[in-house]
Amino acid sequence: MSFLARGASAGAKRTLLTGSLVLLLLIAAPFAVSNYWLRVLTNILMFATIAQGLNIIVGYTGYHAFGNSVFFGLGAYATGVGMALGLPFVLALVLAVVVAVIAAVVFGWPVLRLSGHYFAIATVALNMAMLEIIINVGGITGGAAGLALPLSPLGPDTLYKIIYFLMLTVMVGATGFILWLDGTRFGYALRALRDSEAGAEVMGINTTAVKITAWALSGSFTALAGGIWAYWFTFIEPGSAFDINVSIKGYVMMLMGGMGTVFGPLIGAAFLELLATLVWGKFLKIHLLILGLLIVLVVTFMPRGLLYYLKSWAAVRGRRDSTDVSA
Amino acid sequence: MLSQTIINGLLLGGLYATASIGFSMVWGVMGVINLAHGGFIMIGAYVSYWAFSHFGLDPFFAIPLSMAVLFVLGYFLQAVFVNRVMRTSLLLSLILTFGIDMILINIVVLVFSSDFRSVNTGYSGSSLQIAGTLVPYVRLATFVFALALASAFYLFLRRTRAGQAILATALDKEIARLMAINPNRVYALTFAFGAALAGAAGALASMLFPISPSMGKEFIGAVFVITVLGGIGSIEGCVLAGLLYGLVQAFTSLVLGVNYQNVVAFAVFLTILILRPRGLLGQRFFGEIS
């Protein structure tokens, strides 16, 4: 019998066990791997956070925010500008969250009234508009020339480990939040909204408030990833902070792992980022080509996500095992 | 100065209009947002550049060649990839076509390198002067060609059986099927014609803009704004919105400066989406996507 059929509690126990094992490995990792792999792991954690942020608004709420990178950029710039104004790093991260929440409420109120394609494109337009605005504002944001963050007094070794643990914390926070979401009233409201907005409204859910809250939460996690990224790279420019590829990549990862599942986006992020890293090193000239091919293949042949296919494969295998035993 | 701004805006707007029609049709008929449309325009421009630099073919004569190449490419992509994805979720088509766009850009970088190229014909620099307003010949000719192509496509949709089949499928896929129209073939045809129009726009653009693998990115933003402004799936809408867009761009750069062109364009876009999502000339049934 497969673990699926044995009931939810056994499955949940096993998931929890695997989860804590992976978490322990991730905590130990920075003391065991080279700087190169530390960077790769930090990148994976960053994209896992972005994918989880998308999971909240796309997987659970059903609003396909392709331009969620706007929060990544806002987080990076809020952190950068905050530190340029003399805030310590941690307070600058708080500022990033505040900015993300304000942006989600101010833009979400009109934009979340759109549905389907229209919402997806409106978020992309929002991202582009923000990019242009940062370029034109100039001043303390540095405009098109970019913004250098103050260097940390800590040595690079310590700093990169701290960055790693910060990313890990945010990623675990995002995943923990989604795990919690799975069983709460708010989570049910989101999924009701995804399946039928009119139906959710009839059931007494304040759809506008719920949607905006979901986007603000999604944006907050993305902004935290952006803020930590800014301090990690110490130099940000509009083009790289508001890079639409950030959210597209996160979206593909979420899709690959399985949207609307708790751990799927993490699996997708690890899989795609490792693959991209290996490809990046070996075939520098065609990495866009290979990433594009991967996207095309994932979308065409496994739109339901790796987790789904893994589970159905396990279920089939489990069934075969049990028939073997009975025979 | 004022008349010059208006002329510049209108002439550029005509090209933008043609660049948007294929995108708008694919969205309206199939419900697919084709992010590879910018890549199609870029490839059209490279076909024109290649024909010009190797055989000295005039870019205006390269238009049919660009259209043919992209027609085949579009038909292939639709039949092999887009059709499969449309059966699962329409929103996935956004990601799919984004991936296709990446592949197209990378292939062009490998073949032509990422250097900027340009097409300079003997008549590139000359212009017509009417009452103190300069009208460059190339821009005037691209404008005329662009509008002629738009009209030809309009007539194709309304006067031929294939065009009628496309329109019928856009209105109601199920009823169209009852009328013995095969939706898969209609989709492939629509996607191929959309790509061909993008190719024509690319060939025209090769005379006005620097050619580079990333030139499609500059177009796709304008194409989005024009499609939504004009009303999804409406050719008349595309032409009207394209001309308006050209005017808005020209006046923005006159009043606020070139840097603000995109900010204003996106502001217009978001306003239209929120206030009148069906656009200026959008009709019911077209582009209503669940």
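**Close-up 1. Helix 3 of chain A is largely enclosed by the rest of the structure, because 15 of its 16 residues are buried.** In this predicted model, helix 3 of chain A covers residues 69-84 and reaches 22 Å from its first C-alpha to its last, which is close to the 22 Å expected at 1.5 Å a residue. Burial here is counted for residues that have 20 or more other C-beta atoms within 10 Å of their own. Just after helix 3 of chain A, the backbone of G86(A) takes a positive phi of about 105 degrees.

**Close-up 2. Chain A and chain B meet in a contact that takes 32 residues from chain A and 35 residues from chain B.** On the side of chain A that touches chain B, at least two residues each are supplied by helix 5 (116-137), helix 11 (244-257) and helix 13 (287-301) of chain A. Helix 5 of chain A gives the most to this side, with 12 residues. Sorted by class, the side of chain A that touches chain B comprises 24 nonpolar, six polar and two charged residues.

**Close-up 3. Helix 3 and helix 8 of chain B cross at roughly 145 degrees.** The axes of helix 3 (residues 59-88) of chain B and helix 8 (residues 183-205) of chain B come within 6 Å, and the crossing of these two helices is right-handed. In the contact of helix 3 of chain B with helix 8 of chain B, the residues divide into 21 nonpolar and eight polar, with no charged residues.

How values were computed:
Residues are numbered from 1 along each chain as its sequence is written. Chains are lettered from A and ligands numbered from 1 in the order in which they are written. This is a predicted model: local features need pLDDT of at least 70, side-chain atom pairs count only at pLDDT 80 or more; totals for chains, interfaces and linings use all residues. Two residues are in contact if their C-beta atoms, placed from the backbone, lie within 7 Å. Helices (H or I, at least four residues) and strands (E, at least two) are DSSP runs, numbered from the N terminus. Ala, Val, Leu, Ile, Met, Phe, Trp, Tyr, Cys and Pro count as nonpolar, Asp, Glu, Lys and Arg as charged, and the others, Gly among them, as polar. Axes are lines fitted to C-alpha atoms, for helices over the stretch in contact, and angles run from 0 to 180 degrees between N-to-C directions. A crossing is left-handed if the near helix is turned anticlockwise from the far one by less than a right angle, and right-handed if clockwise. The expected span of a helix is 1.5 Å times one less than its number of residues. A residue is buried if 20 or more other C-beta atoms lie within 10 Å of its own, exposed if 12 or fewer, and partly exposed in between; C-beta atoms are placed from the backbone.
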